[in-house]
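Please have the sequence and the structure open while reading.

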Amino acid sequence: MFFAGIAWLTVLLGVAVVSVGRARTTAERLVALDTAVLMLIGLLGLVAAQSRRTYALDAALILALLSFVSTVAASRYLGDRRPFTEPEEEDP
Amino acid sequence: MGAWIADVLIVVGLAVMTLGVYGILRFPDVYTRLHASGKASFLGVSLLLVAGTVGGGPSAAARVLLIVVLLALTTPVAAHAIAQAAYHRRERMRTAGAVDESGRCPGATTTPSRDLGA
């Protein structure tokens, strides 16, 4: 069952990567990329369960953290052209 | 008995993730695509990760618990950040019957109407 799950999730990951390329705007691209990384996390979880090793789960944890930080930084940069706004220079 | 629960969790998780990818392919604009990405993908990943811990030991279960709690905290924040960026950039709302009361985004009406999607 884990093998079938890995195969189907790989197909879904391919579709998500294709939808990254087919997105019209940058925000749609970010959404598709976020979903693709979530699928990669699920794939790592299935690989860890199938091989009975836990190091793939460590990689999945790091990937989850990295995906969050990169998505927030990229969308903040997309929204107002700098990744982190400081409170004192918020609005003149 | 344990393998049975794992199989059910994997099938349900894969179905939910398939729905998430289908929503990303089929929904017309960013605001509705976030709806599929933020909820369906997170729930599918959580189910798949929990399915992996059914026959495993406590170390795998602890890691999976950490990942699921972390994703539950970070996925809504990331989706909100993307939606805020799209709204600041005045991205077009392509959904039929979309309402934006500030009139900021093109493609949406400023007042909600009774017949949605007419």
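Helices here are DSSP runs of H or I with at least four residues, strands are runs of E with at least two, and both are numbered from the N terminus. On that basis chain A reads α-α-α along its sequence. The model is predicted.

**Chain A overall**

- Chain A contains 3 helices and 0 strands.
- Chain A has 92 residues, and 41% of them count as buried.
- Among the contacts in chain A with a separation of 6 or more, 46% join residues 24 or more positions apart.

**Helix α2 of chain A**

- Helix α2 of chain A covers residues 26-51, which is 26 residues.
- Most of α2(A) is covered, with 21 of its 26 residues buried.
- Arg52(A), which follows α2(A), has a positive phi near 55°.

**Helix α3 of chain A**

- Helix α3 of chain A runs over residues 55-80 and also has its length stated as 26 residues.
- From first to last C-alpha, α3(A) reaches 38 Å, close to the 38 Å expected at 1.5 Å a residue.
- The buried residues of α3(A) include Leu57(A), Phe68(A) and Leu78(A), along with Ser67(A), Thr71(A), Ser75(A) and Gly79(A).
- Ala56(A), Ala60(A), Ala64(A) and Ala74(A) are also among the buried residues of α3(A).
- These buried residues of α3(A) pack against α2 of chain A and against α3 of chain B.

**Contact between the chains**

- The contact takes 40 residues from chain A and 41 residues from chain B.
- On the side of chain B that touches chain A, the elements giving two or more residues are α1 (2-26), α2 (30-52) and α3 (58-88) of chain B.
- The largest share of that side of chain B comes from α3(B), with 17 residues.
- By type, the residues of that side of chain B are 25 nonpolar, 11 polar and 5 charged.

**The α3(A) and α3(B) pair**

- Two packed helices are described by the angle between their axes and the distance between the axes.
- The axes of α3(A) and α3(B) cross at roughly 10° and come within 9 Å.
- Angles under 35 degrees count as roughly parallel, and α3(A) and α3(B) are therefore roughly parallel to each other.
- The contact of α3(A) with α3(B) involves 19 nonpolar, 6 polar and 4 charged residues.

**The largest nonpolar core**

- The largest nonpolar core has 58 residues, of which Met39(A) and Ile82(B) touch the most other members.
- Both chains supply this core: α1 (2-22), α2 and α3 of chain A and α1, α2 and α3 of chain B each give two or more residues.
- The most is given by α2(A), with 16 residues.
- Beyond its neighbours within four places in sequence, Met39(A) is in contact with Leu9(A), Leu12(A), Leu13(A) and Ala16(A), and with Met17(B).

**Ala72 of chain B**

- Is Ala72(B) buried or exposed?
- Ala72(B) has 12 other C-beta atoms within 10 Å, and a residue with 12 or fewer counts as exposed, so Ala72(B) is exposed.
- Ala72(B) lies in helix α3 of chain B.
- Ser46(B) is 26 residues from Ala72(B) in sequence, and their C-alpha atoms are 9.0 Å apart in space.

Technical notes: Residues numbered from 1 in each chain as written. Chains lettered and ligands numbered in written order. Predicted model: local features only at pLDDT ≥ 70, side-chain atom pairs only at ≥ 80, totals over all residues. Contact = placed C-beta atoms within 7 Å. Nonpolar A, V, L, I, M, F, W, Y, C, P; charged D, E, K, R; others polar. Expected span 1.5 Å × (residues − 1). Buried ≥ 20, exposed ≤ 12 C-beta atoms within 10 Å, placed from the backbone. Axes fitted to C-alpha atoms, helices over the stretch in contact; angles between N-to-C directions. Parallel < 35°, antiparallel > 145°, perpendicular 65-115°, else oblique. Core = buried A, V, L, I, M, F, W, Y, C linked by C-beta atoms within 7 Å.
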